Amino acid sequence: MRDFVRGVRFFGQGLLILLRSPKLLLIGALPVVLTTALLTGGLIALVYWIGDLSALITPFADDWAGFWQTTIRIAAGVAIVGLAAVLGMVSFSALTLAIGGPFYEHIAEKVEDDLGGAPSELELSWGRLLWMGLRDGVLLMLRSLMFTLPLFVAGFIPVVGQTVVPVLMAFVTAWFLALELVAVSFYRRGMDLRQRRELLARRRGLAWGLGLPASLLCLIPAVALVVFPIAFVGGVLVAREVLRTEPDAPAPVT
């Protein structure tokens with residue numbers, strides 16, 4: 001519980017840091033805008049072509065009576081759009097960090113320089129940041145789906161689906177979001193996803209304290225524009241805390 005409270009406090013400190021440097025807030029919001037536009041455009045295009053896609057994946061219904069054919073294809077269309085929406089939400093943070101790699105590296109560098117004890121300079125090109133972000137984002141998304149899809153199905157169970165499942169879903173989402181928010185700080189130290197996951201797992205309460213308020217607030221339309229940069233700065237603080245208190249941390253990867 002102490003680590004959880006500390007994680008929430010780091011999230012709040014992220015807000016204070018950005019209030020003192022509104023330029024960093026604007027820089028952090030730009031990738032969020034771009035990612036939102038890309039995902040929204042993709043979803044609109046999917047809805048536009050959903051009739052053709054539904055027919056494509058249900059060829060067995062071509063000879064069915066009109067009512068049953070329409071019913072199965074509407075169900076298929078709803079399932080496709082629902083799955084796309086889930087994938088979009090799960091991949092949002094990873095895609096934002098991958099697209100905005102140089103922006104967030106600049107923010108991390110500025111925050112750590114101001115706080116002192118910044119890591120030694122490690123050259124990370126935009127292409128390398130994009131590749132690492134997309135690679136690790138896909139891996140984390142697949143891991144996340146292993147939990148979120150069963151929980152999504154369990155959500156239809158009476159009582160349990162309306163009480164226990166939302167709580168579990170919130171904590172799962174918070175954990176994976178925290179892993180993504182600290183990514184740039186670990187990249188700057190030459191550390192990979194495995195090392196990041198191992199170190200943060202030792203301070204899981206800290207990760208939940210950061211990820212839970214961030215993921216819940218991002219559910220509010222348009223609030224993610226402000227919340228995501230705040231959460232990212234909180235992630236920089238969490239990464240510094242984890243690395244500072246782990247004397248047996250794995251050696252950086254070169």
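Predicted model: local features only at pLDDT ≥ 70, side-chain atom pairs only at ≥ 80, totals over all residues.
## Confidence in the model

What is the mean pLDDT of the protein chain, and what percentage of its residues reach 70 or more? The mean pLDDT is 85, and 93% of the residues reach 70 or more. Residues 250-254 are a stretch to read with this in mind: the pLDDT there is below 50. In the model, this stretch has 12 contacts beyond near neighbours in sequence.

## The largest pocket

Let us turn to the open space in the protein. The largest pocket has a volume of about 1200 Å³. Six helices are listed as giving two or more residues to its lining: α2 (22-48), α4 (66-99), α6 (126-154), α7 (160-181), α10 (204-217) and α11 (224-244). Of these, α4 provides the largest share, with 10 residues.

In total, 38 residues line the largest pocket. Sorted by class, the lining holds 27 nonpolar, 10 polar and 1 charged residues.

## The nonpolar core

Next comes the largest nonpolar core, which has 48 residues. Helix α11 gives the largest share of this core, 13 residues. The residues with the most contacts inside the core are Tyr104, Ile107, Leu200, Phe228, Phe232 and Val238.

Leaving aside residues up to four places away in sequence, Ile107 touches Leu24, Ile27, Gly28, Phe232 and Val233.

Terms used. Residues numbered from 1 in each chain as written. Heavy atoms only, no water. 1 Å grid on protein atoms, 1.4 Å probe; cavity = no way out; pocket = protein on both sides within 12 Å on 5 of 7 lines; lining within 4 Å. Points joined across faces, edges and corners; volume = space filled by probe spheres on them. Helix = DSSP H or I, 4+ residues; strand = E, 2+ residues; numbered from the N terminus. Nonpolar A, V, L, I, M, F, W, Y, C, P; charged D, E, K, R; others polar. Core = buried A, V, L, I, M, F, W, Y, C linked by side-chain atoms within 4.5 Å. Buried < 20%, exposed > 50% of the residue type's maximum accessible area, 1.4 Å probe, protein only. Contact = heavy atoms within 4.5 Å. pLDDT = per-residue confidence, 0-100.
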